[in-house]
Amino acid sequence: MKIFVNFDSDNKDIRSIAVENGIIRRFNINPELYSNCETINLNRCFLSPGFIDIHTHFLHSALELDGTDLKKVENIDDIIAIMRTEGKNKGYGYDDGLWKIKPNRYALDVISKTEPIFIVRADRHSIIVNSYALGLLKIPENLKNKYTENGIFQDKSLIWINKKIFETYTESDRQRAFETAEKLAFKNGITTVHALEGGDGWGMEDPEFMLKKEKEGASESILGIILYPQTVNINWVKERGLKRIGGCILLDGSIGGSTAALSEPYCDDPSNNGKLYFSDKALFSLVKRAHLAELQMSFHAIGDRAVEQISRIYNEILTKYPNENSRHRIEHCELLSQKSLNLIYKNKIYLSVQPIFEYLWGDELYKVRLGNRKTNVYKTMLEKGIVLGGGSDFNVTDMNPILGIHAAVNRLDSDQKLTKKEAFDLFTANAAKFSFGENKIGTLKEGSYADFAVLSSNPYKCPDEKIKNLTIQATYKKGILKYSNY
Ligand SMILES: [Zn+2]
Ligand SMILES: [Zn+2]
């Protein structure tokens with residue numbers, strides 16, 4: 001048995017925690033009476049339940065960490081300079097939403113004319129390759145268009161090219177990448193992630209690998225994994241005894257890419273209101289089959305028109321085949337109508353949100369695209385009684401729940417500002433419910449795993465605008481130290 005002592009938490013009644021075999025056994029035992037047990041002194045730091053990031057593309061993002069990081073580039077010249085310096089042929093994370101000149105294959109030819117080069121946009125809705133790579137690729141006739149001629153792959157051609165890239169990774173590449181990303185998660189206080197993996201654009205090697213990790217995680221003290229295979233193949237999922245399906249199965253695109261399906265046109269492009277990627281008929285059929293197969297499911301819907309489509313279809317299916325506790329979910333849900341809000345509440349649909357999106361893009365990009373339309377109305381959702389959980393969409397953004405909490409509390413739109421407790425719950429207690437895990441993770445209670453994130457100081461005693469300065473001092477998974485900054 002181990003006894004954790006000398007910490008702050010959001011429950012003043014807890015003064016010590018006794019942990020045995022990775023489980024919280026008892027509170028407030030006197031360590032002096034158990035002198036043969038290890039006592040862990042947390043030096044007045046703040047002990048939070050381990051964070052849960054309910055939206056990561058864990059493995060394929062980890063594989064991408066091997067490439068050049070383009071998150072901070074500001075124009076094409078920056079891309080060229082950094083890719084030349086690092087000498088890698090893959091770059092990830094550029095965001096050209098507000099750039100006057102967009103990259104194409106000719107820009108990448110400046111990096112190399114004799115080796116394949118490709119870059120992936122931050123929201124993953126575009127991949128661009130250089131002329132050499134374009135020459136090697138045998139693009140099917142039906143995917144060729146004016147964009148692919150310029151080395152730009154979007155929509156269907158994007159799915160095709162991404163799969164080509166992911167087929168080149170081996171099992172040992174995956175193991176190495178997993179370990180790197182697992183360290184990153186622990187460093188940020190995360191003890192469980194939902195891993196949304198594979199699918200049309202990636203193949204099924206990643207979810208196969210993560211399935212092994214999910215099983216390992218059930219018995220060992222590695223990072224907890226909740227796998228969502230991003231496929232529409234229900235047999236694949238059932239054959240492996242999984243309970244979940246979906247993730248970022250795209251019902252529309254993104255606000256940055258002007259491809260999110262909106263009810264009104266984009267402010268900066270009045271001829272465009274985005275598009276829906278599924279017909280009602282196809283989506284209805286998929287949702288019905290998955291629901292009747294008793295799978296918990298999830299879809300990516302960002303624009304209000306896409307959110308409306310999935311809310312309406314969930315409603316039709318759940319009205320016909322009721323299940324009070326399906327916990328079907330919608331990813332992102334950045335814009336939504338009152339009608340959708342009502343349907344989401346009625347059917348107890350869970351919303352998986354990324355507060356960091358609003359923090360990064362709300363003030364500039366979203367204003368350009370959407371004017372003063374309200375986005376990410378978390379307070380409205382919570383007041384309605386909807387369950388919200390938080391995520392990073394790693395590696396669209398970093399796995400960093402502290403920054404997610406900071407973003408949710410420090411909203412510019414003061415109507416939608418969350419309290420600290422509400423924001424913490426997004427990444428702990430509420431997040432646990434998304435995997436039916438509320439008795440095991442997300443809260444400090446007897447019988448739960450001893451998953452802890454130890455913060456440098458008490459967030460409830462620090463000013464809102466300083467939350468992001470809190471650091472993770474230690475992370476424990478099932479009572480075992482996985483990261484230490486002491
Ligand atoms: Zn998504
Ligand atoms: Zn995603």
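A residue counts as buried here if 20 or more other C-beta atoms lie within 10 Å of its own. Keep that cut-off in mind for the close-ups below, which come from a predicted model.

**View 1. Lysine 482, a charged residue on the buried side of the cut-off.** Lysine 482 sits in strand S21, which covers residues 480–484. With 23 C-beta neighbours inside 10 Å, lysine 482 counts as buried, because the cut-off is 20 or more. Leave out the neighbours within four places in sequence, and lysine 482 still has contacts with Phe186, Thr475, Tyr476 and Lys477. Leucine 59, 423 residues away along the chain, has its C-alpha atom 19 Å from that of lysine 482.

**View 2. Leucine 59 and the largest nonpolar core.** This core holds 138 residues. Leu59 is among those with the most contacts inside it, along with Ala195, Ala301, Ile310, Leu351 and Val454. Helix H11 gives the most to this core, namely 7 residues. Both domain 1 and domain 2 put in at least three residues each. Zoom in on leucine 59 and, skipping residues up to four places away in sequence, you'll find it touching Arg174, Ala177, Phe178, Ala195, Glu197, Asp206, Phe209 and Met210.

**View 3. Where domain 1 meets domain 2.** The domain assignment gives domain 1 as 53–57 + 170–445 and domain 2 as 66–154. Their centres, taken over C-alpha atoms, are 27 Å apart. At the contact, 10 residues of domain 1 face 8 residues of domain 2. On the domain 1 side, the tally by class is 3 nonpolar, 6 polar and 1 charged.

**View 4. Helix H11 crossing helix H12.** H11 spans residues 304–320 and H12 spans 338–346; their axes come within 9 Å and cross at roughly 35°. The crossing is left-handed. From H11, the residues involved are Asp304, Val307, Glu308, Ser311, Arg312 and Asn315, and they meet Lys339, Ser340, Leu343, Ile344 and Lys346 of H12. Sorted by class, the residues of this contact come out as 3 nonpolar, 3 polar and 5 charged. An α-helix has 3.6 residues a turn, so residues three or four places apart point the same way.

**View 5. Helix H16, mostly covered.** How many residues of H16 are buried? The count is 9 of its 9. In order, they are Pro401, Ile402, Leu403, Gly404, Ile405, His406, Ala407, Ala408 and Val409. These buried residues pack against strands S6 (51–56), S12 (190–197) and S18, and against helices H13 (355–362), H15 (378–384) and H17 (420–427).

**View 6. Positive phi at asparagine 21 and phenylalanine 436.** Neither residue is a glycine. Asparagine 21 has phi near 50° and lies in the loop between strand S2 (16–20) and strand S3 (23–27). Phenylalanine 436 has phi near 55°, and its loop runs between helix H18 (429–433) and strand S19 (452–455). With 13 other C-beta atoms within 10 Å, phenylalanine 436 is partly exposed.

Technical notes
Residues are numbered from 1 along each chain as its sequence is written. Chains are lettered from A and ligands numbered from 1 in the order in which they are written. This is a predicted model: local features need pLDDT of at least 70, side-chain atom pairs count only at pLDDT 80 or more; totals for chains, interfaces and linings use all residues. Axes are lines fitted to C-alpha atoms, for helices over the stretch in contact, and angles run from 0 to 180 degrees between N-to-C directions. Helices (H or I, at least four residues) and strands (E, at least two) are DSSP runs, numbered from the N terminus. A crossing is left-handed if the near helix is turned anticlockwise from the far one by less than a right angle, and right-handed if clockwise. Two residues are in contact if their C-beta atoms, placed from the backbone, lie within 7 Å. A nonpolar core is a set of buried Ala, Val, Leu, Ile, Met, Phe, Trp, Tyr and Cys residues joined through C-beta atoms within 7 Å. A residue is buried if 20 or more other C-beta atoms lie within 10 Å of its own, exposed if 12 or fewer, and partly exposed in between; C-beta atoms are placed from the backbone. Domain bounds come from an automatic or database domain assignment.
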